[in-house]
Amino acid sequence: MGRVTERRRVVRIRNGAAGVRPDTLVAEEPLEIRLNGKPLAITMRTPGDDFALAVGFLVSEGVLAAASDVQAVTYCEGATEDRSNTYNVVNVQLAAGVPVPDISLERNVYTTSSCGLCGKASLDAVRTATRFPGLAADPVRVPAEVLCAMPDRLREAQKVFDRTGGLHAAGLFTAQGELLDLREDVGRHNAVDKIVGRAYRSGRLPLAGAVLLVSGRASFELVQKAVMAGIPVLAAVSAPSSLAVDLALESGMTLVGFLRGPDMNIYAGEERIMV
């Protein structure tokens with residue numbers, strides 16, 4: 001199975017002097033997600049938690065809701081010409097009676113480690129597809145000082161980032177600041193899918209009362225994934241996009257950006273943040 005990190009030769013220049021040494025890099029490999037044996041999507045990801053990534057992706061697409069919706073998740077053998085298993089193809093087999101979405105050429109998506117689901121249709125599509133529409137009614141309240149402490153807590157727990165400096169992270173917290181789960185990946189959307197997928201597989205969706213913190217910016221895709229998982233508060237250390245703010249407002253989510261030290265910008269749902 002693919003490793004999380006790999007070693008490569010690098011010429012390192014420090015104070016004008018050059019030297020050769022090995023460097024630790026984060027691994028990036030393609031993962032093909034199949035649904036009932038049919039190809040659905042390909043994402044570039046850091047190997048690990050592949051089953052959680054696959055089912056988390058399907059939660060964000062509105063395919064899965066209850067843990068009983070899945071019959072099995074398996075790696076596909078014979079993914080190469082010599083029939084060897086590369087552990088880069090995962091099949092999600094739905095349980096009997098679970099509706100299978102239309103998997104057409106238009107629906108097949110390629111996702112990179114940077115952009116998530118490029119060209120996602122509209123705000124209305126997400127609002128219609130969510131299995132947990134009661135997000136606006138979630139009564140969770142988060143003290144501002146607790147929220148401000150979360151980035152440092154997330155960074156302290158990033159073990160692979162310490163070795164590579166090349167990973168995004170997603171952390172799931174309680175409103176009291178307890179870190180429930182942390183996933184790292186070259187793609188921030190993959191890290192979120194792994195968080196959601198692990199919660200799905202343990203029967204914890206919707207994630208009512210939870211706070212999702214992501215490194216980097218808050219894109220439309222990340223807000224979408226949080227909405228689909230029933231997460232009421234999403235915070236990012238960088239900026240949100242305009243469409244991300246629109247979706248947060250439409251969905252009743254609290255969206256925080258530029259969460260750095262004691263500072264933050266609240267773009268939606270400010271009533272949940274206790275100053």
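Me: In this predicted model, what makes β10 and β14 the edge strands of the sheet?

Reply: Start with the layout: 6 strands form an open sheet with mixed pairing, in the order β10-β9-β11-β12-β13-β14. β10 (179-185) and β14 (263-268) each pair on one side only, and that makes them the edge strands. From one strand to the next, the twist averages 20°.

Me: How do you know that β9 and β11 count as paired?

Reply: Pairing takes at least two bridges between two strands. Strand β9 (residues 168-173) and strand β11 (residues 211-214) share 4 bridges in the antiparallel sense, so the pair meets that cut-off. Within it, Phe173 stands opposite Val211 in β11.

Me: Which helix packs on this sheet, and which strands does it touch?

Reply: That is helix α3 (residues 144-156), which touches β9, β10, β11, β12 (233-236), β13 (254-260) and β14. The direction of α3 makes about 140° with that of β9.

Me: What makes the contact between them, and how many of its residues are charged?

Reply: α6 brings Phe220, Val223, Gln224 and Val227, while α7 brings Leu243, Ala244, Leu247, Ala248 and Ser251. By class, the contact of α6 with α7 has 7 nonpolar and 2 polar residues, and no charged ones.

Terms used. Residues numbered from 1 in each chain as written. Predicted model: local features only at pLDDT ≥ 70, side-chain atom pairs only at ≥ 80, totals over all residues. Heavy atoms only, no water. Contact = heavy atoms within 4.5 Å. Helix = DSSP H or I, 4+ residues; strand = E, 2+ residues; numbered from the N terminus. Nonpolar A, V, L, I, M, F, W, Y, C, P; charged D, E, K, R; others polar. Axes fitted to C-alpha atoms, helices over the stretch in contact; angles between N-to-C directions.
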